[in-house]
Amino acid sequence: MPIKKSAVKAMNRSQTLAKRNYDFKLRMKMAMKKFLKGVEAKEALTVEDLANVYKAIDKAAKVIKKRNASRKKSRISKAFDTLKK
């Protein structure tokens, strides 16, 4: 356990940020999984559904690397395009 007051505050801040980062990642993963299951089931997904997944990925881009987020968006977009064909 930290002894100094500033170390206690830093620990609390670290835990808060770790929880927030975990939430961003979890929401992104859940949104992607739900969207891809919809694509596999050939449900009628709309552009708004795609936008919601993009939004979740963009928010998680604060935590994950930028290129990782870009790659995920690209793969989601490709999956969405297969529905149109």
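Biologist: In which helix is the place of Gly38, and why does Gly38 count as buried or exposed?

Modeller: In this predicted model, Gly38 has its place in helix H1. Its relative accessibility is 1%, and buried means under 20%, so Gly38 counts as buried.

Biologist: What does Gly38 touch, not counting residues up to four places away in sequence?

Modeller: With those neighbours left out, Gly38 touches Glu43 and Leu45.

Biologist: What makes Arg27 count as buried or exposed?

Modeller: Arg27 lies in helix H1. The figure for Arg27 is 54% relative accessibility, to be set against the limit of over 50% for exposed residues; Arg27 therefore counts as exposed. From C-alpha to C-alpha, Arg27 and Ala56 are 6.4 Å apart in space and 29 residues apart in sequence.

Biologist: Where does Lys42 lie, and what is noted about its phi?

Modeller: Lys42 lies in the loop between H1 and H2. Its phi is positive, about 55 degrees, although Lys42 is not a glycine. With a relative accessible area of 68% against the limit of over 50%, Lys42 is exposed.

Biologist: Which residues in H1 and H2 meet?

Modeller: On the H1 side they are Phe24, Arg27, Met28, Ala31, Met32 and Phe35; on the H2 side they are Asp49, Leu50, Val53, Ala56, Ile57, Lys59 and Ala60. By class, the residues of this contact of H1 with H2 divide into 10 nonpolar, no polar and 3 charged.

Biologist: How do you know whether H1 and H3 are roughly parallel or roughly antiparallel?

Modeller: The axes of H1, residues 5-40, and H3, residues 66-84, come within 10 Å and cross at roughly 20 degrees. Since angles under 35 degrees count as roughly parallel, H1 and H3 are therefore roughly parallel to each other. The crossing of H1 and H3 is left-handed.

Biologist: What forms the contact of H1 with H3?

Modeller: Met28, Met32, Phe35, Leu36 and Val39 in H1 meet Lys72, Ile76, Ala79, Phe80, Thr82 and Leu83 in H3. These residues of the contact of H1 with H3 comprise 9 nonpolar, 1 polar and 1 charged.

Biologist: What makes H2 roughly parallel or roughly antiparallel to H3?

Modeller: H2 and H3 have axes 10 Å apart and pack at an angle of about 165 degrees. The limit is over 145 degrees for roughly antiparallel, which makes H2 roughly antiparallel to H3. Their crossing is right-handed. The contact is made by Val47, Leu50, Val53, Tyr54, Ile57 and Asp58 of H2 with Ala69, Lys72, Lys73, Ile76, Ser77 and Phe80 of H3. Its classes are 8 nonpolar, 1 polar and 3 charged residues.

Biologist: Which residues in the largest nonpolar core touch the most other members?

Modeller: The core has 15 residues, and Met28, Met32, Phe35, Val53, Ile57 and Ile76 touch the most other members. H1, helix H2 (47-60) and H3 are the elements that give two or more residues to this core. H1 provides the largest share of the core, 5 residues.

Biologist: What does Ile76 touch, not counting residues up to four places away in sequence?

Modeller: Under that condition, Ile76 touches Met32, Phe35, Leu36, Leu50, Val53, Tyr54 and Ile57.

Definitions and conventions:
Residues numbered from 1 in each chain as written. Predicted model: local features only at pLDDT ≥ 70, side-chain atom pairs only at ≥ 80, totals over all residues. Heavy atoms only, no water. Axes fitted to C-alpha atoms, helices over the stretch in contact; angles between N-to-C directions. Helix = DSSP H or I, 4+ residues; strand = E, 2+ residues; numbered from the N terminus. Parallel < 35°, antiparallel > 145°, perpendicular 65-115°, else oblique. Left-handed = near helix turned anticlockwise from the far one by under 90°. Contact = heavy atoms within 4.5 Å. Nonpolar A, V, L, I, M, F, W, Y, C, P; charged D, E, K, R; others polar. Core = buried A, V, L, I, M, F, W, Y, C linked by side-chain atoms within 4.5 Å. Buried < 20%, exposed > 50% of the residue type's maximum accessible area, 1.4 Å probe, protein only.
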